[in-house]
Amino acid sequence: MALNKFMHPRNIYKMRPDFVKLAKTYEEFSEIAKVDVSGKVSIDFKDPNSLRILTQCLLKADFGLDIVIPEDRLVPTLPLRLNYILWIEDLMSAINKSDPIFGLDIEIFLGTGACAIYPLLAAVKNKWHMVGLETDSESLQHATYNISKNNLQNYIEVKENTTKSVLEYMFLDENSQTFEFCMCNPPFYTNIEELWESRSPARPEPKNGFTGSPHELITEGGELQFCRKIIEESKLHKDKILIFTTMVGHKFNLKELIIDLKADGIKYTTTEFCQGRVTRWGLAWTYQNYDFSKMFSPRELKPKKNVPISFSLPELNECNDNMQKLKNILQDLQIIHKVVTKRKNELVLDIEAMSNTWSNQRRKRRILKRLSGDQMKKVKNDLEIPTNEISEKIHHNTDELQKTIIDKSIDPLEGTSHNLSNSKSLENQTPAIVHGIMKINNKDKILHIEIEFINGSAGKEGLHQIVQYIKNNWK
């Protein structure tokens, strides 16, 4: 579903740009434009070079900005960037701030970027004074060039961040400047594998081409840890920046960050950045006495909620650690589980099932029982075998039979091997048939669990089957 109608109400890109006019005005755009039999002008959105030229021409036509976007760097999506700037305008209006306004663009690893797109838009549109932080020396050079080329040196300063901190670098000097706001567009991914596997196979192919270098898209710990680092550092500089903001690319991360802010009693507000077929989220928080209650999101219709599956697991008399019991069940199912958040009585796991190991359990048990009985009769008829060897042979044969049954069972959802030793390679090679987020709250020795379906070819029905398996084996 196209989300343009949910863009910020003042976003000029709610209406599709006039490609005919662009082709007539800019020769470089006419060279990449295509005209169909009806006379409609379009471009190849999967081609990074076409996206680069489109962005450069739109910046010239709509903002009078003449910039150079390097071929090996991220091509900024203008509607999204403009949505963010417009939201900052709303925040400044909500706290009754007017000129002069000083903003800080903080994006370690991604940095201000080779385009310096946020400072440029903020300066040329609102005459805001911006400071951009950048860690990549090559991007720093490109950003400085673009700022000078547009004669905006009086409004924009770009600094190289030589530390591993996000905010600390700006406030090493006791007489350091204060800012009305800071903004950030953090890298989304932890590593290159997560980047390539981030899109569900059930979703259609993206319409736009892929741009950006690994250092612009990847950071240690991923987006969630990066944003948590900003929040922690913001506590040390609560009076140096009036409003802290960041963009969030994954909705689950937004939920976790809100929990963190609530836990510390920090005031916050959120919004949605809707454009094309992509949604991102904005998160702002403050330590000042500001009222965020009147802030609004441009989306007027509530999206369909992905209701999590909720259930409870009672205390087991013979089990000292219910949490470990649950983890053992996940291991029996060969479900990959990674810790996302661990608090006092709460654990959040990212779970992935690479194959169906939970279906047809009754049939497998019947076959196992029948075959085990046949083995027992066969061993008992062999009077020459000592009793202890009989027991060992029964146990060995039963284990072998169980392994054979599991390995050779027909999998109705995915014909993938169930060998646990291959789980890591499966994780890297095969899309998960069920991917979800499991929240576990241990209260009075009762596990209260919520599982939210993310994606996977087995659908939410596969997640329901996993829940039923856990309930059946909780004994």
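Which residues of α3 are buried? In this predicted model, they are Ser50, Leu51, Arg52, Ile53, Leu54, Thr55, Gln56, Cys57, Leu58, Leu59 and Phe63.

**Helix α3**
- Helix α3 runs over residues 48–63 and has 16 residues; at 1.5 Å a residue it should span 22 Å, and its end C-alpha atoms are 22 Å apart, which agrees.

**Cysteines**
- A disulfide is a covalent bond between the sulfur atoms of two cysteines.
- Searching the whole structure turns up 0 disulfides.
- Cys184 is in no disulfide, and the nearest cysteine sulfur, that of Cys227, lies 6.3 Å away; the cut-off for a disulfide is within 2.5 Å.
- Cys184 counts as buried because its relative accessibility is 0%.
- Cys57, in α3, also has 0% relative accessibility and therefore counts as buried.

**Helices α9 and α10**
- Two packed helices are described by the angle between their axes and the distance between the axes.
- For α9 (residues 222–234) and α10 (residues 251–263), the angle is about 25° and the axes are 10 Å apart.
- Angles under 35 degrees count as roughly parallel, so α9 and α10 are roughly parallel to each other.
- The crossing of α9 past α10 is right-handed.
- On the α9 side, the contact is made by Glu223, Leu224, Cys227, Arg228 and Ile231.
- On the α10 side, Asn253, Glu256, Leu257, Asp260 and Leu261 make the contact.

Definitions and conventions
Residues numbered from 1 in each chain as written. Predicted model: local features only at pLDDT ≥ 70, side-chain atom pairs only at ≥ 80, totals over all residues. Heavy atoms only, no water. Helix = DSSP H or I, 4+ residues; strand = E, 2+ residues; numbered from the N terminus. Expected span 1.5 Å × (residues − 1). Buried < 20%, exposed > 50% of the residue type's maximum accessible area, 1.4 Å probe, protein only. Axes fitted to C-alpha atoms, helices over the stretch in contact; angles between N-to-C directions. Parallel < 35°, antiparallel > 145°, perpendicular 65-115°, else oblique. Left-handed = near helix turned anticlockwise from the far one by under 90°. Contact = heavy atoms within 4.5 Å.
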